[in-house]
Amino acid sequence: MISVKDQAFFLETKNTSYIFKINDEGHLINLHYGRKIRVENLKPLEMKLNAGAGSTVLYGSTNYSMDLLPLEYSFNGKGDYRIMPLEIIMEDGSYVADFIYDSYMITDEMIPIKTLPQSLGIGAKSLVITLKDKLFNVNIQLIYTVYEDEDVITRRVVLLNKGEKAITLHRIMSMNLDLLGEDYKVLSLHGGWIKETHKNIRDLTPGIVTIESTTGASSNRHNPGVILLQQDTTEDLGDCYGFNLIYSGNHQTRVELSSHGQIRIQSGINPHAFHWTLENGESFEAPEAVLSFSYEGLNGLSHHMHKFVNQQIIPLYWQNRERPVLYNNWEATMFDFNQRKILSLAKKAKYLGTELFVLDDGWFGRRVNDLGGLGDYDVNLKRIPDGLKTLGEKINAMGMDFGLWFEPEMISINSALYESHPEYVMQVPGRDPAKGRQQLVLDLCQVEVQDYIISNMTKVLKSAPISYVKWDMNRHMSDVYSKAVRDQGRVFHTYIMGLYRVFNEITKAFPKILFESCSSGGNRFDLGMLCYTPQIWASDNTDPIERLKIQEGLSYFYPMSSIGAHVSESPHQQTLRNTPLETRFHVATFGLLGYEMDLHNLNQKEEVEIKNQIKWYKSHRKVMQFGQFYRFKHSAAGGVQFQVVNQDKTLGVFGNFQVLANASPGFDVIRLKGIDDQGLYQVKTVKATMDIGRFGSLLKHVSKVRLKPQGFVIQNARKYYRLAHNEEYYRAYGDLFKAGFRINQQFMGTGYQKETRILGDFGSQLMTINKEEGEE
Ligand code: DGJ
């Protein structure tokens, strides 16, 4: 809801209020963002500037210092010395601007962003405030969209030059928020290839924290999602603010704790290598920023963010639509495959229960390794002699959908495209471009290049029964230059706008194809991508223990319906870690399940285990993909727990991940979350079996026959026998399960019964949570 009273704007969601007012100078002053409040009069919320402060300059009246006011937006040159959301060279060549309130408008219609993706605006209302510079004919629109049900407010900025002469933008942040209080911490997600979105929490101390990317994409280094939380906020209690950006290019979020203990946070396009000249009549649209507040801790905040993504970001067709369990051939074959191999993997994948076969890199042109082929998407008939259409049909005939890998934004020097169109490459005239994974970047600032990608992909997508596309992008940008732009400070942003145009055209033409974006894993996991591709491959790292960190990090901002998670082989290809098949599945199940391994390496019993896993996932898929997700405090021993619950709290799944075993551990207690206190529930372990090879010479304790751990008998027996995990069952009211219940003791070398939980290093178990019908 949006209302206006006494020169103040009230933006209200179900649980939050955002209030600001126009003051006598025409500036917009933030009065409150946080918990929902009733306002009888504004006085308690007003900034009291009755003593002033030294070392400040005054805008007008006594004590009126821009440096001290909680401003909705700010500009250079009038005494605000905190981080600036806006930096423009005005008509007179100065950096000084002075924007004051002009008018407002409230609308039910979503105001379209012409150049970028935006949230869907379903059931939302928007407020547009226009500010005008006092000297020149330059306007700023501050656009707020209120998502009542999701407890989210989005903000963005449009700058319009109506003046005679050009102005130049050096920085235009999508939002600026000046908050009360100083006792905050900053949570952000950092990493790199195969270690994306690891959580980092730091105290906010005087100075400036910057979280940004300069790689051309939102990057695997620093994700655009950032949280401000109070010192004592936990996963379930306390105040926190979440921020994200609907943008896939270079982003920047800065948080300042100023000399007077005020917090300013802003996010938007990274000003790195950015400048944008606006001639008379031209405007610039900054991407949409997403803001949310919760007093129910970080889980509460994530629930807002997840709901927002599922209902206001993901394309309508894919909302709430269950995603297929896929098999991808990449980790099994890499570039070494032919049609026969693919069909035999597909046959096995179908037998195990997967629903979609994805043919990854290497099916086209000269692409037999990473030295060539990118840009030419004609099927390689030496590898796939029957062609894509027949291959797709054969896979369909097996009862599976067919999906295909592309890397549309890239070009190899060894490609027909490069030979015919070297000018499509992003490079600086006269300099040799740097290569990443042997490849160069296509210059998507050129409309001709965008058109080429659209028509080339469209041709392939029409040529075969393709129901899924993995859209990869495997390098950072370098040699950033385009002949297609007016000045080079535009290239990074124009590239992203070009990419969005391509996505827009292709996904509009093929709305029922499921697009999964990928960038060497999670190098472009952001809300911009999710506007076109409902799911994203989270990481090339499929080691479940590493995935716990990655998926947990992502879960702060992104729902499980967006996170691609696969079961792969062990030892793991990057960490060499040996992990149980059950744990690989249990981690992947908290996401969009897939399998990515050489299925011919599985023994009979592993095949049965996987068949059961997939069967179980299919019957719990709705809750695993769209349920409400909860994180838990890690145990003192480093254990991780996840939980999901469906909307009506009748079905949930709890995952317990040991990570490392401890000698003689204590007694585990589980405290479930998000279920009804009054409801009667049954909690049951999900059946799983373990590899007896894990026990090595310990088997001598249970077998009368002396067996050598690496000997033929045990190695052979592993193929025909797996040991069942213990099973537990509890029936109780929700309040008891939330207060805590004790589960069986763990194996610790003091004896074994079938009730003993055997986890060891990297062990895990799942439990289902079922509410009995008719109970309240
Ligand atoms: C990087 C992706 O993250 C992998 O899953 C795979 O598709 C390779 N690219 C193929 O080149």
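Modeller: By class, the shell around the ligand has 6 charged, 4 nonpolar and 3 polar residues, where Asp, Glu, Lys and Arg count as charged, Ala, Val, Leu, Ile, Met, Phe, Trp, Tyr, Cys and Pro as nonpolar, and the others, Gly among them, as polar. This is a predicted model, in which local features need pLDDT of at least 70 and side-chain atom pairs count only at pLDDT 80 or more, while totals for chains, interfaces and linings use all residues. Residues are numbered from 1 along each chain as its sequence is written, and side-chain values use heavy atoms, with hydrogens and water left out.

Of the 13 residues around the ligand, those that come nearest are Asp-360, Asp-361, Lys-470, Asp-472 and Asp-540, a residue being near a molecule if one of its heavy atoms lies within 4 Å of it. Two of these names return among the polar contacts, that is, pairs of N or O atoms within 3.5 Å: the side chain of Asp-360 has an N or O atom 2.7 Å from an oxygen atom of the ligand, and a polar side-chain atom of Lys-470 lies 2.7 Å from a ligand oxygen atom.

Conventions
Polar contact = N/O pair within 3.5 Å; in protein donor to acceptor, adjacent residues only side chain to side chain.
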